[in-house]
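User: I would like to learn how to read helix packing and domain contacts in a model such as this one. Could you take me through it step by step?

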Amino acid sequence: MGERALAIDIGGTKIAAAVVDADGALRGAVRRPVPVVSGPSGAEQVFAAVWDCAYESLLAAGVGIGELAGVGCGCAGPMRWPAGEVSPLNIPAWRDFPLRERLRELVDDAPVLVHNDGIALAAGEHWAGVARGVHNLLAVTVSTGVGGGLILAGQLLHGGWGNAGHIGHLTVAADGPPCPCGGQGCLEVMAAGPHTVRRALAAGWVPPAGQPADGRVLAACAAAGNQTARRELARSGSAVGAGMAAATNLLDLDAAVVAGGFAQSGPIFWDAMRAGFDRHAGLAFSRRLRILRSADPDRVPLWGAAAFVLVPDRYGWSG
Ligand SMILES: [Zn+2]
């Protein structure tokens with residue numbers, strides 16, 4: 001046992017790992033893409049890539065498995081929690097993959113905690129990021145999907161099935177378009193990158209020759225003055241602002257931290273988000289919400305994963 005954790009972050013396209021010390025210092029950080037696999041061995045190939053990345057990180061940091069307080073992992077959802085059986089939308093080879101159990105076998109039954117990446121974001125920002133010292137915090141990520149996590153009274157919230165703070169399926173437009181979740185008018189379908197791009201394409205936006213129709217290119221076109229791109233990016237921001245207002249109207253939060261590609265894209269998204277928030281946050285306790293920009297997208301997910309095991313009273317759980 002020791003005061004350091006192995007932290008792993010598994011997104012739809014990349015894997016990251018590092019050894020994280022009790023003061024938040026990262027050692028031996030390693031990143032690699034999620035392998036593109038198919039066929040019956042695909043699940044094992046993805047797991048091998050995860051463990052290679054993690055093991056390489058331990059070697060680079062000069063830390064043995066026996067010196068770890070445990071392993072924390074943030075993974076794209078959905079998942080069964082706390083069992084840590086994961087089915088990331090963008091990793092089709094993993095369906096109910098027993099990630100937590102498989103990691104435990106490799107670390108001599110040291111504690112292994114797996115949670116969804118939105119919750120790791122909240123823990124990471126609160127433990128060592130821009131939201132240190134905030135008592136009541138919402139973390140929101142706007143990317144391929146919209147996710148998030150919640151800290152209330154200084155404690156990470158999990159919810160009964162591990163989905164507390166998953167703001168992506170909060171209704172922000174009661175009569176809005178259908179959402180892939182089966183609902184309607186969810187924040188995710190109004191604001192996530194692929195949905196925003198789809199709306200822009202339907203309205204006549206064409207990406208520059210040779211560039212993909214994705215959120216990054218859309219944001220660049222908006223910044224360069226394309227009116228359709230600008231309008232749809234702003235609609236995304238406005239929906240996120242409305243969602244944050246709904247969250248703080250319910251929960252009386254102190255701050256929200258926003259992460260993901262659109263949040264980093266500049267004033268078009270940010271100003272629309274602020275305006276959307278102002279339209280829907282009317283009461284004094286709601287209007288006081290501080291809106292923070294996530295500043296360290298490479299380290300925050302690893303901080304959060306590490307916090308699960310290094311600060312169990314605040315960010316951990318049993319089961
Ligand atoms: Zn939904």
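User: At what angle do the axes of helix α5 and helix α7 cross, and within what distance do they come?

Analyst: Two packed helices are described by the angle between their axes and the distance between the axes. In this predicted model, the axes of α5 (residues 193–202) and α7 (residues 227–251) cross at roughly 145° and come within 9 Å, and the crossing in which α5 passes α7 is right-handed.

User: Which residues of α5 and α7 meet?

Analyst: From α5 the contact draws on Thr196, Arg199 and Ala200, which meet Thr228, Ala229, Glu232, Leu233 and Ser236 of α7. Sorted by class, the residues of this contact comprise three nonpolar, three polar and two charged.

User: Turning to the whole chain, into which domains is the protein chain divided?

Analyst: Domain 1 is made up of two segments, 4–121 and 299–315, whereas domain 2 covers 133–293. Their C-alpha centres lie 26 Å apart, and the contact between them takes twelve residues from domain 1 and 14 residues from domain 2.

User: Which element gives the most to the side of domain 1 that touches domain 2?

Analyst: That is α3, with four residues; β8 (112–116), α3 (117–128) and α11 (312–315) each supply at least two residues of this side of domain 1. By class, the side of domain 1 that touches domain 2 holds five nonpolar, five polar and two charged residues.

Note on methods
Residues numbered from 1 in each chain as written. Predicted model: local features only at pLDDT ≥ 70, side-chain atom pairs only at ≥ 80, totals over all residues. Axes fitted to C-alpha atoms, helices over the stretch in contact; angles between N-to-C directions. Left-handed = near helix turned anticlockwise from the far one by under 90°. Contact = placed C-beta atoms within 7 Å. Nonpolar A, V, L, I, M, F, W, Y, C, P; charged D, E, K, R; others polar. Domains from an automatic or database assignment.
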